[in-house]
Each structure stands twice: as structure tokens, then as C-alpha cells.
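Here is a friendly walk through one chain, from its overall layout down to single side chains. Keep the structure open beside the text and look up each residue as it comes.

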Amino acid sequence: MKKTAAYHQQKQIRIVVENSFLDLVEFKKKGDKESFNQQLLKILPEVKNYINERLATAIKKGHFSKGKYKADDFIDQLFIEVYDHIDQLDNEKDFYLWLFKKTNELLDDTIVEEEFDDYFFKNIDDYSKPEWDAMEEKYSTDGDGDLLM
């Protein structure tokens with residue numbers, strides 16, 4: 001029963017997203033950014049839920065710490081991506097999948113960047129240890145307790 005309800009809810013969301021496509025294209029042609037943003041805000045709550053799920057999974061897998069990223073960080077970038085590239089889509093049927101594909105790309109890029117940073121910063125001590133050892137100066141003390149190199 002839950003699967004059927006979830007399927008119907010997803011189908012309704014898909015229809016809403018597809019129906020908003022033509023309005024979004026029209027608002028962009030007119031240069032009406034405010035109306036464009038308002039229309040896009042109507043369809044983004046489902047995308048935001050999806051982002052939150054992906055962020056929770058990434059946190060569980062240890063890709064980054066809790067609270068480092070918020071769904072709104074990705075939503076802001078998604079606004080820019082949609083505005084810049086919506087006119088490249090052929091029809092409203094492609095918009096729903098394209099929207100989630102772009103969302104995945106943004107999330108995947110962030111996860112890969114975080115993995116790289118994590119690996120690099122954890123291993124930076126291993127790379128720099130020989131240099132630090134070479135720069136270390138040896139001191140001793142003489143009979144009066146003065147330091148000597």
C-alpha cells in the first residue's frame with residue numbers, strides 16, 4: 001500500500017514538474033527572473049527532500065561531517081543551472097529527469113571533492129614528514145646549562 005501511494009505521489013510530482021517547464025521557458029524568454037524563481041520554488045521541495053536523503057547517506061558513509069552542507073547550498077546552485085540551461089531542453093518530458101540528473105551531478109562533485117580533500121589532508125603529514133625531519137635542529141647543553149647547536 002505504501003509503495004502504491006509513493007508511486008502515485010511521485011507521478012503527481014513529475015506531472016507538476018513537467019507542467020511548469022513551459023512556464024519556466026516563457027519566463028526566461030521574457031527575462032522575468034522573479035516569476036521564474038517563484039515557479040521554480042514550487043517544484044523544488046521534492047528535490048530538496050532528495051538532496052537531504054543523499055546528504056544523510058553521504059554523512060553515514062563518512063564522506064563529510066554532519067552540518068557541513070545544507071540542501072539550500074545545492075538548491076542555490078540548482079537555480080543557476082536551471083536558469084542557464086533550461087532552454088537547451090527539447091520538451092517538458094526531459095525536464096524532470098534532467099533536474100534530478102543535475103542535482104546528482106552537483107552532489108557527486110561535492111562528494112568527490114570532499115573525498116579528495118579528506119585523503120590529501122590526512123596524508124599531508126606523511127608527505128611533509130621528511131622535510132620537517134631535515135629542518136629539525138639538534139641542541140645540547142654545555143656545563144652551564146646553555147643551549148648549543
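This is a predicted model: local features need pLDDT of at least 70, side-chain atom pairs count only at pLDDT 80 or more; totals for chains, interfaces and linings use all residues.

Two residues are in contact when heavy atoms of theirs lie within 4.5 Å.

**The chain as a whole**

The chain holds 4 helices and 2 strands. Read from the N terminus, these elements follow the order α-α-α-α-β-β. Of the chain's 149 residues, 28% count as buried. If you look at contacts with a separation of 6 or more, 62% of them join residues 24 or more positions apart.

**Phe64 and its loop**

Phe64 sits in the loop between helix 2 and helix 3. Is Phe64 buried or exposed? Its relative accessibility is 8%, so Phe64 counts as buried, since buried means under 20% relative accessible area.

**Where helix 2 meets helix 3**

Helix 2 covers residues 33–60 and helix 3 covers residues 71–85. Their axes come within 9 Å and cross at roughly 135 degrees. The two helices are therefore oblique to each other, and helix 2 passes helix 3 in a right-handed crossing.

Which residues make this contact? From helix 2 come Lys33, Phe36, Asn37, Leu40, Leu41, Leu44, Val47, Lys48, Ile51, Asn52 and Leu55. Helix 3 brings Ala71, Asp72, Phe74, Ile75, Leu78, Phe79, Val82 and Tyr83. Sorted by class, the contact has 14 nonpolar, 2 polar and 3 charged residues.

Helix 3 itself has 15 residues and reaches 21 Å from its first C-alpha to its last, close to the 21 Å expected at 1.5 Å a residue. Its buried residues are Ala71, Phe74, Ile75, Leu78, Phe79, Glu81 and Val82.

**Two residues of helix 2**

Lys48 lies in helix 2 and is one of the residues in the contact with helix 3. Not counting residues up to four places away in sequence, Lys48 touches Ala71, Asp72 and Ile75. Lys48 has 33% relative accessibility and so counts as partly exposed. Its C-alpha is separated by 9.6 Å from that of Lys70, which is 22 residues away along the chain.

Tyr50 is also placed in helix 2. Which residues does Tyr50 contact, leaving aside neighbours within four places in sequence? They are Phe100, Thr103 and Asn104. With a relative accessible area of 23%, Tyr50 is partly exposed.

Helix 1 takes in residues 2–30, and Ser20 is part of it. Ser20 is buried, its relative accessible area being 1%. Apart from neighbours within four places in sequence, Ser20 is in contact with Gln39, Ile43 and Phe95.

Ile15 is found in helix 1 too, but Ile15 is partly exposed, with a relative accessible area of 41%. Ile15 and Tyr96 are 81 residues apart in sequence, and their C-alpha atoms are 8.7 Å apart in space.

Thr110 belongs to helix 4, residues 92–135. At 14% relative accessibility, Thr110 counts as buried. Setting aside residues up to four places away in sequence, Thr110 touches Tyr69 and Phe74.

**C-alpha pairs side by side**

| Pair | Separation in sequence | C-alpha distance |
|---|---|---|
| Lys48 and Lys70 | 22 residues | 9.6 Å |
| Ile15 and Tyr96 | 81 residues | 8.7 Å |

Methods. Residues are numbered from 1 along each chain as its sequence is written. Side-chain values use heavy atoms; hydrogens and water are left out. Axes are lines fitted to C-alpha atoms, for helices over the stretch in contact, and angles run from 0 to 180 degrees between N-to-C directions. Angles under 35 degrees count as roughly parallel, over 145 as roughly antiparallel, 65 to 115 as roughly perpendicular and the rest as oblique. A crossing is left-handed if the near helix is turned anticlockwise from the far one by less than a right angle, and right-handed if clockwise. Ala, Val, Leu, Ile, Met, Phe, Trp, Tyr, Cys and Pro count as nonpolar, Asp, Glu, Lys and Arg as charged, and the others, Gly among them, as polar. The expected span of a helix is 1.5 Å times one less than its number of residues. Buried means under 20% relative accessible area, exposed over 50%, partly exposed in between (1.4 Å probe, protein chains only).
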